[in-house]
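Please read through the structure shown below, one region at a time.

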Amino acid sequence: MPKFLILGLVLLTLTGCMTMAFIPKTNPLEEVVLSGEGRDKVLLVEISGVLTSAKPGGVLDRFFHRPSLPARFKEELTKAADDEAVKAIVLRISTPGGTVTASDILYHEIQEMKKTRKVPVIASIMDLGTSGGYYVAMAADRVVAHPSSVTGSLGVIMLTLNASGLMEKIGVRADAVMSGPHKDMGSPFRTMTDQDRAIFQGVIDSLYARFLRVIEQGRPDLKPETIRQLADGRIYSATQAKDHGLIDGIGYLDDALELAKKEAGIEEAQVVMYRRPGGYQPNIYAQGPGAPGRTDWIFPKLDPVSLLLAGGTPAFMYLWLP
């Protein structure tokens, strides 16, 4: 959207010349056919960008009301569960991961949907399927990675900033009145103590153990000790991931869709995607309703990483963050 148009919208709103009737509203998802034919359907669901429970948008969120990733994801799965013609689901994954909670919510919702509808779920890893992205893929029945994709980075990370040295140089000091010695642990205004670090490490170890259990359930042919060796934070190419047993195959999105039909026991099907009214999806590579929009790069959204780097609280992440 041109900058002059954005400025005009803001000025019109501030001066009261623009009514709420002109502000786009979020409408229910509608189905669009991307390819194929027949009565049966294979649903393509997009999981892209940093996984977070925060509502997308920034300054322009006043004009573009979009639900959070978990809300949109659940809406898509609920719609699919109510449609008997949906015989399989393909998760198109292109994400470095995100917060522990957002990753776990998506994983949980897939598992719950599979209890309602016994349909095969195929994960198709595109550019990235690292950390939380791989965590979500473990809810699928089969995992296919694009030949040039990167996966892995299995584990947990927590970042915090220490600005105490800078504050001393400029003569600023932060004082906190606390009910306990660890109430401000992780604060960017003081150095982390050994006790603080041990407490944080305990939480990270617990979340890491949860990640390992999810991989054990998703990759039952891998021994727990092998999974732990692979889950040291390193990344893997598609070939390396296949050799280590982290994925089932290497192929393109077309291959994942064909695998979905095969697993569902159907030969012909429409490939469909859900969208918001007004969107344009010409083929299987079109952006879904959850793809980062133009407003996200004009006015970057405040995701957990951005908040942290701006001096916010620490966040526990299933995220590849080089």
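S153 is buried, because its relative accessibility is 6%, and a residue under 20% counts as buried. The model in which this residue sits is a predicted one. S153 belongs to the loop between strand 7 (150–152) and strand 8. Its phi is near 50°, which is a positive value in a residue other than glycine. Most residues other than glycine have a negative phi.

With a relative accessibility of 0%, S131 counts as buried.

Now consider the chain as a whole. How many helices and strands are there in the protein chain? There are 11 helices and 12 strands. The chain has 322 residues, and 47% of them count as buried. Take the contacts in the chain with a separation of 6 or more: residues 24 or more positions apart account for 78% of these.

The next topic is a sheet. Strands of a sheet pair through backbone hydrogen bonds, either parallel or antiparallel. Here, three strands form an open sheet in the order 4-12-8, and the pairing is antiparallel. Which are the edge strands? They are strand 4 (97–99) and strand 8 (157–159), each of which pairs on one side only. From one strand to the next, the twist averages 30°.

Strand 12 covers residues 315–319, and three bridges join strand 4 to it, the two strands running antiparallel. To find this pairing in the structure, look for G97, which stands opposite L319 in strand 12. Helix 3 packs on the sheet and touches strand 4 and strand 12. The direction of helix 3 makes about 110° with that of strand 4. Helix 6 (residues 194–218) lies across strand 8 and strand 12, and it runs at about 30° to strand 12.

Helix 3 also has a helix as a partner. Helix 2 (residues 69–81) and helix 3 (residues 100–116) pack with their axes 10 Å apart, at an angle of about 10°. Helix 2 is therefore roughly parallel to helix 3, since angles under 35 degrees count as roughly parallel. On the side of helix 2, the residues that meet helix 3 are L69, P70, F73, K74, L77, A80 and A81. On the side of helix 3, they are I105, L106, E109, I110, M113 and T116. Sorted by class, this contact has 10 nonpolar, one polar and two charged residues.

K114 is located in helix 3 itself. Is K114 buried or exposed? It counts as buried, because its relative accessibility is 18% and the cut-off for buried is under 20%. Leaving out residues up to four places away in sequence, K114 touches V119, V121, A139, A140 and D141.

V136 lies in helix 4 (residues 132–137). With a relative accessible area of 1%, V136 is buried. Which residues is V136 in contact with, leaving aside its neighbours within four places in sequence? They are I47, L51, S103, L106, Y107 and I110. Among these, L106 and I110 are also residues of helix 3 that meet helix 2. V136 and A123 are 13 residues apart along the chain, and their C-alpha atoms are separated by 8.7 Å.

Strand 2 (residues 41–48) contains S48. S48 counts as buried, with 12% relative accessibility. The side chain of S48 is joined to that of E46 by a polar contact of 2.8 Å.

The last stop is A256, which is part of helix 9 (residues 253–264). This alanine is buried, its relative accessible area being 0%. Apart from residues up to four places away in sequence, A256 touches V90, I122 and S124. The C-alpha atoms of A256 and L91 are separated by 9.2 Å, while the two residues are 165 residues apart along the chain.

How values were computed:
Residues numbered from 1 in each chain as written. Predicted model: local features only at pLDDT ≥ 70, side-chain atom pairs only at ≥ 80, totals over all residues. Heavy atoms only, no water. Axes fitted to C-alpha atoms, helices over the stretch in contact; angles between N-to-C directions. Helix = DSSP H or I, 4+ residues; strand = E, 2+ residues; numbered from the N terminus. Parallel < 35°, antiparallel > 145°, perpendicular 65-115°, else oblique. Contact = heavy atoms within 4.5 Å. Nonpolar A, V, L, I, M, F, W, Y, C, P; charged D, E, K, R; others polar. Pairing = 2+ DSSP bridges. Buried < 20%, exposed > 50% of the residue type's maximum accessible area, 1.4 Å probe, protein only. Polar contact = N/O pair within 3.5 Å; in protein donor to acceptor, adjacent residues only side chain to side chain.
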